[in-house]
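Let's walk through this structure together, from one side chain out to the whole chain. Keep the sequence at hand as you read.

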Amino acid sequence: MNKLEEDPIIGRFFDTPEKKAKWLVRVKIAYILWIIFVIIGILSLFIWYLLK
């Protein structure tokens, strides 16, 4: 067992391989959405700077 599974607070979310797989998918989706929002934010600032 690794330290994540032994944690008293979040260990219950990672105690089975199925739960680990679900959380891995959720983290990947959140990471992709975060990258998309960062790109949109940078592009909107760039467009606002060009139009000003």
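Is Phe14 buried or exposed? With a relative accessibility of 16%, Phe14 counts as buried, because buried means under 20% relative accessible area, exposed over 50%, and partly exposed in between (1.4 Å probe, protein chains only). Before going further, please note that this is a predicted model, in which local features need pLDDT of at least 70, side-chain atom pairs count only at pLDDT 80 or more, and totals for chains, interfaces and linings use all residues. Residues are numbered from 1 along each chain as its sequence is written, and side-chain values use heavy atoms, with hydrogens and water left out.

Now to the aromatic rings. Rings of Phe, Tyr and Trp (its six-membered ring) are paired if their centres lie within 6.5 Å; planes under 30 degrees apart count as stacked, over 60 as edge-to-face and the rest as tilted. By this rule there are three aromatic pairs. In one of them, the ring centres of Phe13 and Trp23 are 5.8 Å apart and the planes stand at 75°, so this pair is edge-to-face. It joins distant parts of the chain: Phe13 sits in the loop between helix 1 (3-6) and helix 2 (17-51), while Trp23, ten residues away, belongs to helix 2. Phe13 is partly exposed at 32% relative accessibility, and Trp23 is partly exposed too, at 31%.

Phe14 comes back in here: the centres of the Phe14 and Trp23 rings are 6.3 Å apart with planes at 45°, so that pair is tilted. Phe13, Phe14 and Trp23 together form one aromatic cluster. Trp23 has a further neighbour, since you will find Arg26 over the face of its ring, 4.7 Å from the ring centre; a charge sits over a ring if NZ of Lys or CZ of Arg is within 6 Å of the ring centre and within 35 degrees of the ring normal.

What about residues beyond this cluster? Trp34 also lies in helix 2, and at 53% relative accessibility Trp34 counts as exposed. Ile9, in the loop between helix 1 and helix 2, is exposed with a relative accessible area of 62%.

Let's step back to the whole chain. The protein chain has two helices and zero strands; these are DSSP runs (helices H or I, at least four residues; strands E, at least two), numbered from the N terminus. Its radius of gyration is 18 Å, well over the 10 Å that the globule rule gives for 52 residues, so the chain is more spread out than a compact globule. That radius is taken over C-alpha atoms, and the globule rule is 2.2 Å times the number of residues to the power 0.38. Along the principal axes, the C-alpha atoms fill a box of roughly 55 × 20 × 15 Å. Of the 52 residues, 6% count as buried.
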